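Here's a quick briefing to read with the structure open beside you. Have a look first, and then we'll go through it topic by topic.

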Amino acid sequence: MIKVKLFANLREGRKKEVNFEFFEGINGRYILKTLNIPEKQVSIFLVNGRDKSLEEPLSNGDVVVIFPPVGGG
Amino acid sequence: MIEKRYLKNLKTLSLEEQKKLKETKVVVAGCGGLGGYVVEMLARLGIGFITVVDDEVFEETNLNRQIFCDINSLGKKKALVAKERILAVNPEVAVNPILIRIEEKNAKELITGHKAVIDALDSIPHKILLEKACEELKIPLIHGAVAGWYGQVTTVFPGDRTLSIVYKNHTEGIEKELGAPSFSPAVVAGIQVSELLKVILKKGEVLSKKLLYIDLLNQEFQKIEVSL
């Protein structure tokens, strides 16, 4: 299983946490597509606390954390 | 002897530390939501020299959150109003208002000779160029950003490149859709000032290679490791 945690306005209309069944080749891009999150809304994509690319395959038991970009002053 | 105005600082700072602040030069880039609060707090702390960089004038839409914006300051240059305010709070502080926007061509010149830079800018491309300029001159950058109920803070030391990692190819954040209320800039600015103080005084733990992500809607504070 892969646990996905969403932050800030990515939670709007979604849950705070979503679990995905693990399968070979599952990656960040698949998760975003399934959750209907456009890539431009994603600033930080962390897997087990480390910055990872969306293409990289995930492992069973991974925890994914997704944050949108915040840029106001 | 310590001046009375700093007596209450002394429960937090030593006399030597208070003196050190008086000799410290800091740049505040942007004097809007974040920058206004930051300048106010730096002056009350006793930072001796503050360079405030902002080319804008106060508008009615700033009244909901920008601390130096009031009925009397509408239409006036933000950096000049900041100077006026600081003179009224702490005349010992030298405020140098710079009435231009930070750009690639002028960034290094503007920050040269300062001990640290506060990022209170409202544009991601400008935040990134400020990070580059700070890295080249080996000056620590204390970054803050806000959007709606949310905010973030990190302290970027030369080589960290935290903003380049966090923002990647983004040029706009969620602030365009979530706006900026009064409380989130105040929270983020306070954390930025605490980071600055620790950088100057070399004490405590700072958010180097770490991003503090603040969610005031759920009161969740996440400290995220960010490194190359």
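Which residue in β6(B) is the bridge partner of Ala147(B)? That would be Tyr150(B). Keep in mind throughout that this is a predicted model. Chain B has an open sheet of eight strands, chain A has an open sheet of five, and a handful of aromatic pairs, five over all chains, turns up in a search of the whole structure.

**The sheet in chain B**

- Reading across the sheet, the strand order is β3-β2-β1-β4-β5-β6-β7-β8 (chain B), with mixed pairing.
- At the edges you'll find β3 (94-98) and β8 (220-225) of chain B, each of which pairs on one side only.
- From one strand to the next, the twist averages 15°.
- Strand β1 (residues 25-29) of chain B runs parallel to β4(B), and four bridges hold the pairing; here Val27(B) stands opposite Val117(B).

- On one flank, β5(B) pairs in the parallel sense with strand β4 (residues 116-119) of chain B over three bridges, and Asp119(B) sits opposite His143(B).
- On the other pairing, with β6(B), the sense is antiparallel and there are seven bridges.
- β5(B) and β6(B) form a hairpin with two residues between them, and Gly148(B) in that turn has a positive phi of about 55°.

**Helices against the chain B sheet**

- α5(B) lies across β1, β4, β5 and β6 of chain B and runs at about 170° to β5(B).
- α8(B) packs on the sheet too, touching β1, β4, β5, β6 and β7 (210-215) of chain B, with its direction at about 170° to that of β5(B).

**A closer look at His126(B)**

- His126(B) is found in helix α5 of chain B.
- Is His126(B) buried or exposed? It's buried, at a relative accessible area of 14%.
- Setting aside neighbours within four places in sequence, the contacts of His126(B) are Arg101(B), Ile102(B), Glu103(B) and Leu121(B).
- For a sense of scale, His126(B) and Gly46(B) are 80 residues apart in sequence, and their C-alpha atoms are 28 Å apart in space.

**The sheet in chain A**

- The five strands come in the order β2-β1-β5-β3-β4 (chain A), again an open sheet with mixed pairing.
- β2 and β4 (50-51) of chain A are at the edges with a single partner strand each, so one side of each has no neighbour in the sheet.
- β1(A) and β2(A) run antiparallel and are joined by four bridges; Lys3(A) stands opposite Asn19(A) in β2(A).
- Helix α1 (residues 28-35) of chain A packs on this sheet, touching β1, β2, β3 (44-47) and β5 of chain A, and its direction makes about 120° with that of β2(A).

**Aromatic rings and the charges over them**

- One of the five aromatic pairs is Phe7(A) with Phe67(A), which is stacked: 4.4 Å centre to centre and 15° between the planes.
- Phe7(A) lies in the loop between β1 (2-6) and β2 (17-20) of chain A, while Phe67(A) is in strand β5 (residues 63-67) of chain A, so this pair ties together parts 60 residues apart in sequence.
- Phe7(A) and Phe67(A) are both buried.
- In chain B, Trp149(B) and Phe183(B) make a tilted pair, 5.2 Å centre to centre with 55° between the planes.
- This second pair also links distant parts of its chain, 34 residues apart: Trp149(B) is in the loop between β5 (141-147) and β6 (150-156) of chain B, and Phe183(B) is in helix α8 (residues 183-201) of chain B.
- Both of these residues are partly exposed, Trp149(B) with a relative accessible area of 40% and Phe183(B) with 34%.

Key. Residues numbered from 1 in each chain as written. Chains lettered and ligands numbered in written order. Predicted model: local features only at pLDDT ≥ 70, side-chain atom pairs only at ≥ 80, totals over all residues. Heavy atoms only, no water. Phe/Tyr/Trp six-rings, centres within 6.5 Å; stacked < 30°, edge-to-face > 60°. Buried < 20%, exposed > 50% of the residue type's maximum accessible area, 1.4 Å probe, protein only. Pairing = 2+ DSSP bridges. Contact = heavy atoms within 4.5 Å. Axes fitted to C-alpha atoms, helices over the stretch in contact; angles between N-to-C directions.
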